[in-house]
2 protein chains.
Amino acid sequence: MTPKPRKHRTPKIKVSDSTILRLSKYYRALVYWIERDVKTVSSDMLSQHIGGTPAQVRKDLSYFGAFGRRGLGYNVADLKGNIAHIMGLEKDWRVALVGVGNIGRAMLEYDPFRTQGFNILICFDSDPMKIGKTFHGVKVVNENYLEREIRENNIDIAIIAVPVFAAQSAADNCVAGGIKCIFNFAPINLNVPSDIFVKDENMAMEIESLSFALTNPTLARGN
Amino acid sequence: MTPKPRKHRTPKIKVSDSTILRLSKYYRALVYWIERDVKTVSSDMLSQHIGGTPAQVRKDLSYFGAFGRRGLGYNVADLKGNIAHIMGLEKDWRVALVGVGNIGRAMLEYDPFRTQGFNILICFDSDPMKIGKTFHGVKVVNENYLEREIRENNIDIAIIAVPVFAAQSAADNCVAGGIKCIFNFAPINLNVPSDIFVKDENMAMEIESLSFALTNPTLARGN
DNA sequence: GTGTGTGAAGGGTTTCACAGCA
DNA sequence: TGCTGTGAAACCCTTCACACAC
């Protein structure tokens with residue numbers, strides 16, 4: 001009768017990376033509809049909004065629970081809350097930025113970051129001209145102190161935005177400092193223990209895939 | 001006897017996006033070895049360098065040709081040349097940047113871009129404070145002229161780095177101007193004709209997948 | 001009737017294992 | 001012998017289709 005609060009379940013199997021990325025998209029779509037006072041959505045609406053199929057939406061969600069009501073669809077606010085909880089988006093994360101170059105500074109200024117609980121608390125660089133200065137309210141510390149500062153500041157996520165030649169040792173120091181999660185912008189395969197989660201953001205790769213798509217219009221597929 | 005020049009073949013089937021992204025990695029690895037005067041590599045070396053399996057390396061390459069020599073491996077310079085040709089990396093691409101905000105400026109300053117033949121020739125913005133100015137040697141033009149300028153400058157690739165609310169209309173104007181390839185940083189699903197290749201770079205999604213990985217250490221998988 | 005939740009089918013990518021060639 | 005190239009097997013993800021709940 002009354003809409004029961006739904007608890008999400010934990011899948012027995014590891015869930016695919018594409019499912020997780022789609023959950024992010026669903027989340028953004030739900031925020032969009034909340035702003036517009038839409039109360040209920042169907043898997044069909046969700047799929048159209050993000051560019052997918054209704055079956056896939058239902059499958060993705062079904063890994064974590066039964067959030068909808070048959071014949072009615074999903075309550076927008078509830079589903080948003082459930083996804084936020086599944087993905088840990090209500091939490092605040094303590095983030096460190098290693099390398100205050102162009103990409104690093106773009107991350108500092110990137111708003112969706114801050115507003116979603118990803119707080120860059122400390123920056124590192126090896127350039128004496130930058131050490132001691134403040135960028136966007138965050139102090140730049142000598143990269144030599146990476147391990148200690150990561151540990152003492154209880155950092156959850158390290159963003160590595162240094163040149164290739166410095167990336168592996170930066171990662172090593174982060175790991176030594178106890179980091180469990182790395183967001184890596186350097187176009188190199190970081191060697192880390194298997195319990196460390198590394199997410200690569202390799203702009204060069206993405207760009208080159210555009211070149212491939214233009215060169216081979218008949219071979220390339222979407223994303 | 002003499003190492004014959006190998007021509008690459010065109011696959012009969014569409015090749016997966018992950019294969020293309022790995023070709024980029026192989027390419028980077030080969031450049032690395034050329035700098036170090038390594039003449040020959042095996043699929044095993046390649047796979048270790050980028051973090052994969054030897055079988056996958058061979059399979060990926062086999063879609064495009066037989067570039068190795070049984071019992072010997074691959075000639076580094078030849079393979080680099082072949083991959084460059086497959087991916088169109090010897091070409092120069094005419095790129096337009098739509099939106100000169102933080103991300104846009106980071107793209108302007110991003111070196112791997114320029115050095116690989118991706119030339120940002122023109123920028124667009126709607127901010128009167130920016131129009132007419134020059135960033136990194138590139139002039140900023142009023143976004144209203146997007147369609148015309150894209151056409152007249154024969155732009156191959158448009159980078160969309162505007163806020164969400166402006167992204168769809170920017171894409172529409174690019175398409176009207178004849179663009180075939182879009183690199184989209186706005187966290188929104190762009191609606192474009194099916195012959196337009198769109199590559200999404202959604203930082204928020206990537207970041208949220210880190211949050212998921214930290215929240216569910218046992219469920220998350222690599223990249 | 002409507003739209004979800006899900007086992008089963010289908011399709012695509014990765015891994016295996018070995019033939020074939022240097 | 002050593003390592004590639006490649007069909008076949010295994011695996012994973014997506015799509016289908018329908019029972020079921022509202």
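Modeller: Keep in mind that the model is predicted. In S8(A), A:Phe183 is the bridge partner of A:Ile159.

Biologist: How many bridges join strand S7 of chain A to strand S8 of chain A, and do they run parallel or antiparallel?

Modeller: Four bridges link strand S7 (residues 157-160) to strand S8 (residues 181-184) of chain A, and the two run parallel.

Biologist: What is the order of the open sheet in chain A?

Modeller: The order is S5-S6-S4-S3-S7-S8-S9, seven strands with mixed pairing. Strand S5 (134-135) and strand S9 (197-200) of chain A are the edge strands, each pairing on one side only.

Biologist: Switching to the interface. How many residues of chain A are in contact with chain B?

Modeller: 69 residues of chain A contact 69 residues of chain B. About 6300 Å² is buried between chain A and chain B, and carbon and sulfur atoms give 64% of that area.

Biologist: How many salt bridges are there across the interface of chain A and chain B?

Modeller: The rule finds four across the interface of chain A and chain B. A salt bridge joins the side chains of A:Glu208 and B:Arg28, at 3.3 Å from N to O. Between chain A and chain B, 22 residue pairs are in polar contact, counting pairs with both at pLDDT 80 or more.

Biologist: Which element gives the most to the side of chain A that touches chain B?

Modeller: H9(A) gives the most to that side, with 13 residues. The residues on the side of chain A that touches chain B comprise 35 nonpolar, 19 polar and 15 charged.

Biologist: Now the DNA. How many residues surround DNA strand D, and which are the closest?

Modeller: 26 residues surround DNA strand D, the closest being B:Ser43, B:Arg58, B:Gly68, B:Tyr74 and B:Arg221. Of the atoms of DNA strand D that come within 4 Å of the protein, 61% belong to sugar and phosphate.

Biologist: And the bases? What lies 3.3 Å from a base nitrogen of DNA strand D?

Modeller: That is a polar side-chain atom of B:Lys59. A backbone N or O atom of B:Gly71 lies 3.1 Å from a base oxygen of DNA strand D. For B:Arg70, an N or O atom in the side chain is 3.0 Å from a sugar or linking oxygen of DNA strand D.

Biologist: Which element gives the most to the surface near DNA strand D?

Modeller: H3(A) does, with four residues. The surface near DNA strand D has seven nonpolar, ten polar and nine charged residues.

Notes: Residues numbered from 1 in each chain as written. Chains lettered and ligands numbered in written order. Predicted model: local features only at pLDDT ≥ 70, side-chain atom pairs only at ≥ 80, totals over all residues. Heavy atoms only, no water. Near = heavy atom within 4 Å. Polar contact = N/O pair within 3.5 Å; in protein donor to acceptor, adjacent residues only side chain to side chain. Nonpolar A, V, L, I, M, F, W, Y, C, P; charged D, E, K, R; others polar. Pairing = 2+ DSSP bridges. Contact = heavy atoms within 4.5 Å. Buried area = accessible area lost by both parts, 1.4 Å probe.
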